[in-house]
Amino acid sequence: MAPKRSRTATAVEEITRSTATRKAKKARTNYSKPEAPKVVTNTSDTPILNGSASKPNQSTSKSVKNSQAEISTKPAYTCWLVKSEPDSRFENGVEMKFSFDDLKSSPNQTECWDGVRNYQARNFLRDQMKLGHNVFFYHSNCKEPGIIGICKIVKEGYPDHTQFDPKDPHYDSSSQENKPKWFMVDVQLVRPLKRFISLAELKKIHQEHVQRDGPLKKMSLFTRARLSVQPVTEEEWSYILQLENNM
């Protein structure tokens with residue numbers, strides 16, 4: 001038989017339970033539901049809670065900031081290098097040769113730079129080459145390629161007429177006159193370099209500069225070699241001009 005509990009213990013237990021019950025009732029009486037956040041009328045599309053605008057998604061905000069920074073830090077080039085073939089070559093019966101001497105003998109020593117059919121090079125011609133920009137004239141696809149002279153932009157990007165001529169090797173049947181694909185600029189001769197600066201010489205310097213972080217380290221002539229229209233940084237331009245004095 002289980003031992004009987006003393007009255008004193010039972011009385012104490014009952015008093016304890018009674019006290020706990022009163023505290024619980026008091027807690028329920030004082031409980032009130034939390035107020036829903038007040039929505040303040042706002043003319044914008046973003047709801048405002050308790051008088052303050054909700055925070056935008058942080059990842060979206062960071063992405064927008066990064067995009068804006070990318071646009072603002074995009075290089076604005078003022079110097080260029082264009083490639084042309086100085087040796088005679090016919091394509092579909094059309095002479096493709098155009099040398100620095102040909103530019104020199106052109107009316108007003110000025111000629112349109114047509115026939116470019118690479119989209120990145122096209123974008124440079126159409127969007128970034130501006131009046132007065134300096135240009136290195138580079139002889140390519142020849143026995144000794146290299147920079148022979150300097151010209152400048154005298155007319156900014158406009159539609160390349162050869163894309164519409166079925167007899168021209170650069171004809172593009174998918175291009176329309178009201179929506180042209182290809183663009184060109186006009187260049188004018190400035191002067192020949194004091195000496196011809198060959199690709200071999202520039203390549204040797206480029207390789208050295210890759211090792212010691214020199215100004216020709218990232219030159220497009222080597223990092224984007226296939227482009228016939230290339231940007232040149234001001235530092236690269238200045239360095240190459242110094243080379244013409246090294247006789």
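The model is predicted. The chain contains seven helices and eleven strands. Of its 247 residues, 33% are buried. Among contacts with a separation of 6 or more, 68% are between residues 24 or more positions apart.

**The sheet**

- Six strands make up an open sheet, and their order is S7-S10-S9-S8-S4-S11. The pairing within this sheet is mixed.
- Strand S7 (110-112) and strand S11 (229-232) are the edge strands, each pairing on one side only.
- From one strand to the next, the twist averages 35 degrees.
- Helix H5 (residues 199-212) packs on the sheet and touches S8, S9 and S10. The direction of H5 makes about 85 degrees with that of S10.
- Strands of a sheet pair through backbone hydrogen bonds, in either a parallel or an antiparallel way.

- S8 and strand S9 (residues 146-159) run antiparallel and are joined by six bridges.
- Asn 134 stands opposite Lys 152 in S9, and Val 135 has Cys 151 in S9 as its bridge partner.
- S9 and strand S10 (residues 183-198) also run antiparallel, with ten bridges joining them. Here Gly 146 stands opposite Ser 198 in S10.
- S8 and S9 form a hairpin that has six residues between the two strands. In the turn, Asn 141 has a positive phi of about 50 degrees.

**Ser 140 in the loop**

- Ser 140 is found in the loop between S8 and S9.
- The relative accessible area of Ser 140 is 14%, and buried means under 20%, so Ser 140 counts as buried.
- Leaving aside neighbours within four places in sequence, Ser 140 is in contact with Lys 83, Ser 84, Glu 85, Pro 86 and Pro 145.

**Helix H7**

- An α-helix has 3.6 residues a turn, so residues three or four places apart point the same way.
- In helix H7 (residues 234-243), the buried residues include Glu 236, Trp 237, Ile 240 and Leu 243. These residues lie on the same side of H7 because they cover an arc of only 115 degrees around the axis.
- The buried residues of H7 pack against S4, S8, S9, S10, H5 and S11.
- Glu 234, Glu 235 and Gln 242 are exposed, and they are carried on the face of H7 turned away from its buried side.

**Aromatic pairs**

- The structure holds eight aromatic pairs. One of them joins Trp 80 and Phe 124, whose ring centres are 5.3 Å apart and whose planes are at 55 degrees, so this pair is tilted.
- Trp 80 belongs to strand S4 (residues 79-84) and Phe 124 to helix H4 (residues 119-128), so the pair ties together parts that are 44 residues apart in sequence. Trp 80 and Phe 124 are both buried.
- The ring centres of Phe 100 and Phe 137 are 5.3 Å apart, with the planes at 75 degrees, so this pair is edge-to-face.
- Distant parts of the chain are linked by this pair, with Phe 100 in helix H3 (residues 100-105) and Phe 137 in strand S8 (residues 134-139), 37 residues apart.
- Phe 100 is buried at 3% relative accessibility, and Phe 137 is buried with a relative accessible area of 0%.
- Phe 98, Phe 100, Trp 113 and Phe 137 form a cluster linked by ring pairs.

**Charges over rings**

- Arg 126 has its charged end over the ring of Phe 183, at 6.0 Å from the ring centre.
- Lys 155 has its charged end over the ring of Tyr 158, at 3.9 Å from the ring centre.

Notes
Residues numbered from 1 in each chain as written. Predicted model: local features only at pLDDT ≥ 70, side-chain atom pairs only at ≥ 80, totals over all residues. Heavy atoms only, no water. Phe/Tyr/Trp six-rings, centres within 6.5 Å; stacked < 30°, edge-to-face > 60°. Helix = DSSP H or I, 4+ residues; strand = E, 2+ residues; numbered from the N terminus. Buried < 20%, exposed > 50% of the residue type's maximum accessible area, 1.4 Å probe, protein only. Lys NZ or Arg CZ within 6 Å of the ring centre and 35° of its normal. Pairing = 2+ DSSP bridges. Axes fitted to C-alpha atoms, helices over the stretch in contact; angles between N-to-C directions. Contact = heavy atoms within 4.5 Å. Arc of directions from axis to C-beta.
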